[in-house]
Amino acid sequence: MSLEKKIKKMFQAPRKGETYELRAGLVSQYASERKDSIKQVIAAMTVGKDVSALFPDVLKNIATHDLKQKKLVYLYLMNYAKTHPELCILAVNTFVQDTEDPNPLVRALAIRTMGCIRVDKMVDYMEIPLNRTLTDENPYVRKTAAICVAKLFDLNREICIENGFLDKLQKLAEDSNPMVVANAISALAEIHESDPSLKVLEITSDVLKRFLMALNECTEWGRITILTALSDYETADKEEASHIIERVIPQLQHSNPSVVLAAIKVIINNVEKLKSNADEYEQILKKLAAPLVSLVSTPPEVQFVTLRNIRIIIEKYPAILTNYFKVFFVRYNDPLYLKLEKIEIIVRLANENNSGLILNELKEYGYEFDTEFVKRAVKAIGQVGIKLPKYAAKATEYLIGLINERELYDEVTIVLRDVLRAFPKNLGSTIVPTLVQIQDNLVDSEAIASFVWVLGEFDVVDFENKLSEYVDGFIELDLQIQSALVYSLVKINVKTGQLKELLAKIFNNVDAIENIEIRDQIYLYWRILSLDDSSELKKLILFKLEKINNTIPTFQPELLAFLLKELSTLNSVYFTTGVSKGTKTTQIKKIKDIQLTVHNEENLLDFDDDGSSNTANGEAQGESINILDELNDLFSSSTIQPQQQQQQQQQGNNNNTNNGISKDLLDLF
């Protein structure tokens, strides 16, 4: 064999293997063999095999009258167009010819494939076919071309605007066919989200009528598109709002949960306009209950989305589902994420009439095996008891019962701490002895911190020995326990004058504490203790225990208003708000649930009168305003000094720092 033949043989494709057999079938002279080979290529592509080497051979089969074969070839082209952008241009002539095919399915398939091939060079060839299909006589072709405009806008917005495709798309929103209208609205909504400055989706009264007329004739996804657009429309008056609600209410009976949630979103966004008519307002809200309840019987994944949306809705309209609270009782076969979400809703539906049943149900959950579920059930019992004072004693009884029967020491201690904050006088004699008995069984840091806080707030036998055990190992304690311990020691010292030695032991070793927050807390208390015993500021800060009324987290008003407009979207599932929607990459900002009625007792310097305090504390808050000048004087020496000043002082007093602090602290006693 000559050298030339050897070189040619070296660069020839292998004659064995799957690729060689597929290539041979793609160029076969028999149509049936070519079609079978294309099917095998698509099957290999579907399971993840790389068959991009067959691109030229597959492309040769694009010119065919067999619709199934053409679909397969188009599918292959869409998948590998990015890896072979130059070869895609070879198929342009076929695409253009197919947009003139007598068969509307072929015309729609051709324009859809051109839009799906994300290659810049393809944009130059799309103008004529897209113009032709946007005005096609067949509605199936027009609705496909409408989506293609949105894809072209994302690829090259300048060409899309210059050729007037946006204007033609707006005209399609007024089309006689409801499916064309739905696709046009969907495309316009996508373009409007990427660039709101273009104002391509403006709903007028005439456009509104067309939307409502097309609503009942669309497929389920078309209905979702129209309902989403209607939810963003601001009605002019209550008559228009009533008309929209009347036309949308039938969608609540749809079998698709997405359609139901989209319809609920439209109704909620318009029902506030009818608040002046109380009867109509209440009737409309009542109609939302049955559809929401029906969605709770959907598959778990859909059910979770529904429950998250229900949580938002009952925050605004708590009375809607009050009579249906049993629907949200946990089932034995529910996944954990559903169980936790159902408890969130149950505690929010609790009222004077149903809390007895709810507490009994939550108590049963406390005997389950799933640890996380049990913890949430214990917390829920406390939340219901705090929310409804009438059932506080019963909730406390159930919690103490769980300690004895299930040994849930840590979980119950944390919850009982919150109950004590809500009812310190009524339930203190019952809860405090129980917590003292289980002290040695506490392991969790938050539970131990809760017990230490109780020692500082209530009279406990032998409290000094109990606190001294924690003081001896103060440096090794967790941050939560350290903070609670310092607070309790200072509180007891101010009330009774005791524990001076324990305080001095912590204060004198302040430099050994690594956490800057604890050090600042100690310095702050040191300054406060240096005030005169008659100081009103001292009494206000160290004796004030603000009673809590609710421990159920609530949304900020701004976030709640936003989420009500985002029902059935990811924002409603994650409780987030989208920022900078006009940009290509949407930035999502997580906003946590806030507790409007719960305040930490450690927030000792919060003198703002936000209206959330009880009337009993009004006089103390008034006095705090009068002594703010004293507070400013107190910190005029700047407990937390600038870093440069601290470094200078440390250089000048390096040898006397510890002795000086010790002397000053001991002088307090």
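In soluble globular proteins, nonpolar side chains tend to be buried together.

## The protein as a whole

The protein contains 39 helices and two strands, and buried residues make up 49% of its 669 residues. Among the contacts with a separation of 6 or more, 66% are accounted for by residues 24 or more positions apart.

The pLDDT of the protein averages 81, and 82% of the residues score at least 70. Confidence is highest in helix α22 (residues 336-349), at a mean of 96, and lowest in strand β2 (residues 587-590), at a mean of 38. Over residues 579-666 the pLDDT is below 50, although this stretch has 112 contacts in the model beyond near neighbours in sequence. Where pLDDT is low, the predicted coordinates should not be read in detail.

## Helix α11 and its packing

Helix α11 covers residues 139-155, and its length can be checked by a simple piece of reasoning: at 1.5 Å a residue, its 17 residues should span 24 Å, and the end C-alpha atoms are 25 Å apart, which agrees. At the start of α11, a side-chain oxygen of Asn-138 comes to within 2.9 Å of the backbone nitrogen of Tyr-140.

Several residues of α11 are buried, among them Val-141, Cys-148, Val-149, Leu-152 and Phe-153, and the buried residues also include Arg-142 and Lys-143. The buried residues of this helix pack against α8 (104-116), α9 (120-123), α10 (127-134), α12 (157-162), α13 (165-172) and α14 (178-194).

## Aromatic pairs

A search of the whole structure finds nine aromatic pairs. One of them is formed by Tyr-74 and Phe-95, whose rings are 5.2 Å apart from centre to centre with 55° between the planes, an arrangement that is tilted. Tyr-74 lies in helix α5 (residues 67-80) and Phe-95 in helix α7 (residues 92-98), so this pair ties together parts that are 21 residues apart in sequence. Tyr-74 counts as buried, at 0% relative accessibility, and Phe-95 likewise counts as buried at 0%.

The rings of Tyr-76 and Tyr-80 have their centres 4.9 Å apart and their planes at 50°, so this pair is tilted. Both residues lie in helix α5, four residues apart, which is about one turn of the helix, and both are buried. Together with Phe-55, Tyr-76 and Tyr-80 form one aromatic cluster.

## Around helix α18

Gln-251 is found in the loop between α17 (238-248) and α18 (257-271). The side chains of Gln-251 and Asn-216 are joined by a polar contact of 2.6 Å. Setting aside residues up to four places away in sequence, Gln-251 touches Leu-215, Asn-216, Arg-223, Val-259, Val-260 and Ala-263.

Ala-262 has its place in helix α18 itself, and at 1% relative accessibility Ala-262 counts as buried. Ala-262 and Ala-229 are 33 residues apart in sequence, while their C-alpha atoms are 9.8 Å apart in space. Leaving aside neighbours within four places in sequence, Ala-262 is in contact with Leu-227 and Ser-568.

Tyr-391 is found in the loop between α24 (371-387) and α25 (392-406), and at 12% relative accessibility Tyr-391 counts as buried. Which residues does Tyr-391 contact, leaving aside its neighbours within four places in sequence? They are Glu-352, Ser-355, Gly-356, Leu-359 and Gly-385. Tyr-391 and Ile-381 are ten residues apart in sequence, and they are 9.8 Å apart in space from C-alpha to C-alpha.

Definitions and conventions:
Residues are numbered from 1 along each chain as its sequence is written. This is a predicted model: local features need pLDDT of at least 70, side-chain atom pairs count only at pLDDT 80 or more; totals for chains, interfaces and linings use all residues. Side-chain values use heavy atoms; hydrogens and water are left out. A polar contact is a pair of N or O atoms within 3.5 Å; within protein, one must be able to donate a hydrogen and the other to accept it, and residues adjacent in sequence count only if both atoms are side-chain atoms. Contact means heavy atoms within 4.5 Å. The expected span of a helix is 1.5 Å times one less than its number of residues. Buried means under 20% relative accessible area, exposed over 50%, partly exposed in between (1.4 Å probe, protein chains only). pLDDT is the predictor's confidence in each residue, from 0 to 100. Rings of Phe, Tyr and Trp (its six-membered ring) pair if their centres lie within 6.5 Å; planes under 30 degrees apart count as stacked, over 60 as edge-to-face and the rest as tilted.
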